[in-house]
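Please read them with the structure open.

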Amino acid sequence: MPEALRMPEPELIDHAGLDSAVYLRIYLSGLKIFGPITILAFSVMVPVNWTNGSLKHSKFSHSDIDKLSISNVPNGSHRFWTHLVMAYAFTFWTCYVLKREYEIVASMRLHFLASEHRRPDQFTVLVRNVPPDPDESVSELVEHFFMVNHPDHYLTHQVVYNANKLSNLVDEKKKLQNWLDYYQLKYTRNQSQRPTTKTGTLGLWGERMDAIDFYTSKIEKISREIAQEKENTISSSKSVMPASFVSFKTRWGAAVCAQTQQTRNPSVWLTEWAPEPRDVYWANLAIPYVSLSVRRLMVAVAFFFLTFFFMIPIALVQSLANIEGIEKALPFLRPIIEVKAIKSFIQGFLPGIALKIFLLFLPTILMLMSKFEGFISTSTLERRSATRYYLFQFINVFLGSIITGTAFQQLNNFIHQSANEIPKTIGVSIPMKATFFITYIMVDGWAGVAAEILRLKPLIMYHLKNSFLVKTEKDREEAMDPGTLGFNTGEPQIQLYFLLGLVYAVVSPILLPFILVFFGLAYVVYRHQIINVYNQEYESAAAFWPDVHGRIIVALIVSQLLLMGLLSTKEAAQSTPLLITLPVLTIWFHLFCKGRYEPAFLRYPLQEAMMKDTLERAREPNLNLKGFVQAAYIHPVFKGEDDSDSDSATDDVVEEPALVPTKRHSQRSTPLPSKHSGSLS
């Protein structure tokens with residue numbers, strides 16, 4: 001841990017990439033935002049809330065923690081001006097930190113793009129929706145179009161094939177080859193008898209025959225099929241998609257093409273920056289561009305239903321949190337529930353754990369949805385999936401927990417009061433949910449970070465795979481692969497803590513220390529994991545930061561609207577209009593940041609491209625660029641079976657002197673070797 005904290009940021013970027021370094025800055029932003037807010041809230045808000053006796057005389061069920069919240073301030077009190085002033089202070093501080101971070105990350109991105117090694121995606125553009133031509137093939141059409149419209153800069157192109165069937169055959173062959181290796185290894189260890197296998201599914205039934213001969217014949221058969229399918233794919237015009245990777249002689253040429261409209265019809269010859277080769281999600285390139293809009297609409301509808309039908313199990317979980325509720329529903333369990341240890345477990349940990357189990361299967365479903373939508377790079381798939389996961393958490397975990405929890409808890413009050421009293425009841429109950437969220441932060445956040453450093457799940461999975469699935473060394477290597485950081489699940493999780501912190505900062509400040517501890521622990525742990533454990537799957541040069549910024553802004557606006565609703569039920573009518581300006585100011589701030597910093601994440605400045613090209617020409621006047629980009633965007637199945645892991649990002653790596661030792665050897669997908677490979681047992 002101490003070693004990981006000592007590694008300076010520039011070296012961290014060299015070692016693990018800019019994405020990883022900027023991902024850590026999200027935790028750092030949390031510390032910067034909530035550190036001063038916690039100090040201010042505890043020195044000003046807690047005394048203001050605590051020194052009232054409003055809850056003592058109320059008929060609402062409450063705990064001692066609620067006495068530190070806004071619920072303890074009597075209706076119509078002048079003390080609400082404190083909450084109003086604090087809401088302004090917290091908003092301005094959050095916006096200041098966000099602006100500073102956006103500025104730093106944008107300049108880090110531009111610096112990274114200016115100083116990084118030559119990569120094929122800097123010179124390549126993906127062209128989609130190439131219009132059909134009866135006289136020319138897609139390849140001829142692309143070449144002709146770019147020779148005419150980009151005569152000085154066009155270099156070469158690579159058409160996109162629908163090679164999904166071929167890809168499946170290659171995967172099948174890999175599995176068979178693995179079985180053959182296993183049986184050959186078995187035979188070399190014991191040559192007295194040749195291994196046998198049954199010919200049916202999974203070797204469970206069918207006639208018994210020699211395993212080595214059986215798998216050799218199957219591999220020969222599938223090799224012939226692969227050769228035939230390869231030929232069919234390349235020769236058939238039907239398998240050529242109306243899309244192509246077009247490479248240019250200069251970065252400047254690629255930037256001009258990627259960022260401009262090519263023809264007067266804006267729906268054909270669509271250009272965008274090509275993802276880096278290892279980031280391309282090849283299966284989705286075969287989806288016709290025309291069908292993408294329909295697919296996205298279908299996924300939007302499916303996501304809507306998924307989100308709102310998920311409310312049902314969450315309502316059940318919330319009812320579990322309430323002992324009285326269970327005793328009313330299942331009276332025969334009363335003697336068991338009344339045992340002190342069981343009672344505290346049910347109230348404290350059960351709701352948090354149950355919610356966590358429900359949420360376990362969600363990321364897989366959301367990732368499948370993103371793939372169905374047809375995005376062509378892993379980084380975009382993860383960002384899209386993260387957005388949905390955040391929306392889901394917001395509606396179900398945050399709003400769902402407040403609304404359903406409130407309804408169950410205060411059901412009795414709701415039934416016996418008039419309709420115009422209901423908003424007041426909800427207003428009082430929102431702060432009372434603070435105890436549930438404190439538990440959630442401890443179970444999900446603190447325990448989650450502890451589990452991350454223990455890596456218990458990967459350890460168990462590895463031993464299970466080792467016992468049942470590992471047959472060869474290659475299998476063992478794959479079973480030991482630590483995988484990647486998982487942006488699509490990690491980032492929305494952090495955003496939920498930003499949301500809870502900002503919403504409860506004014507309402508119930510007792511939550512803040514728990515969030516602060518989470519950000520501090522998570523920063524330390526994930527810095528260590530990024531340096532010593534995880535591989536890097538792709539490098540998007542921190543393209544996700546605008547999403548991160550946008551989601552914190554949403555959390556800020558939600559906190560302001562909830563405070564407005566809460567104060568209006570507290571008969572603090574004179575202070576509520578002053579709160580209306582806060583969301584307006586926050587939205588204006590967001591638009592300012594969007595206009596000022598976001599272009600750095602969407603477009604590549606021509607000036608930067610020209611500078612990099614000029615420098616490169618001066619350093620390497622005889623560079624064979626065509627040879628460098630030619631093979632980068634060929635579908636992995638055409639490169640031969642073992643080339644799919646090859647990584648053109650590591651071509652021009654220059655080793656630098658060791659600064660801080662790290663504990664792992666460079667993995668195949670990490671852009672640079674670890675500076676100094678330490679002990680790896």
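**Notes on the fold and helix packing**

1. In the protein chain, 79% of the contacts with a separation of 6 or more join residues 24 or more positions apart. Contact here means heavy atoms within 4.5 Å. This is a predicted model, where local features need pLDDT of at least 70 and side-chain atom pairs count only at pLDDT 80 or more, while totals for chains, interfaces and linings use all residues. Residues are numbered from 1 along each chain as its sequence is written, and side-chain values use heavy atoms, with hydrogens and water left out.

2. The secondary structure comprises 29 helices and six strands. These are DSSP runs numbered from the N terminus (helices: H or I, at least four residues; strands: E, at least two). Of the 681 residues, 50% count as buried. Buried means under 20% relative accessible area, exposed over 50%, and partly exposed in between (1.4 Å probe, protein chains only).

3. Look at helix 3 (residues 18–50) against helix 24 (residues 512–532). Their axes are 9 Å apart and the packing angle is about 160 degrees. Axes are lines fitted to C-alpha atoms, for helices over the stretch in contact, and angles run from 0 to 180 degrees between N-to-C directions. Helix 3 is therefore roughly antiparallel to helix 24. The classes are: under 35 degrees roughly parallel, over 145 roughly antiparallel, 65 to 115 roughly perpendicular, and the rest oblique. The crossing of helix 3 past helix 24 is left-handed, that is, the near helix is turned anticlockwise from the far one by less than a right angle (clockwise would be right-handed). The contact of helix 3 with helix 24 has 20 nonpolar, five polar and one charged residues. Nonpolar covers Ala, Val, Leu, Ile, Met, Phe, Trp, Tyr, Cys and Pro; charged covers Asp, Glu, Lys and Arg; the others, Gly among them, are polar.

4. Helix 24 also packs with helix 2 (residues 9–16). The angle is about 45 degrees, with the axes 9 Å apart. Helix 2 is therefore oblique to helix 24. From helix 2, E9, L12, H15 and A16 make the contact; from helix 24, R527, I530 and I531 do. By class, the residues of this contact are four nonpolar, one polar and two charged.

5. Helix 6 (residues 164–189) and helix 7 (residues 211–235) form another pair. Their axes come within 9 Å and cross at roughly 160 degrees. The two helices are therefore roughly antiparallel. Helix 6 passes helix 7 in a left-handed crossing. The contact of helix 6 with helix 7 takes in 14 nonpolar, four polar and seven charged residues.

6. Which backbone angles deserve a check? W269 is not a glycine, yet has a positive phi of about 50 degrees. W269 lies in the loop between helix 8 (251–258) and strand 6 (270–273). Its relative accessibility is 7%, so W269 counts as buried. A542 is likewise not a glycine and has a positive phi of about 60 degrees. The loop between helix 24 and helix 25 (545–569) holds A542. A542 is buried, at 0% relative accessible area.

7. An unreviewed UniProt entry lists "transmembrane region" at several spans, including residues 80–98 and 496–526. UniProt positions follow the numbering used here, feature names are shortened, and annotations may be inferred rather than shown by experiment. Residues 80–98 are 100% helix and 0% strand, with end C-alpha atoms 27 Å apart. Residues 496–526 are 87% helix and 0% strand, with end C-alpha atoms 17 Å apart.
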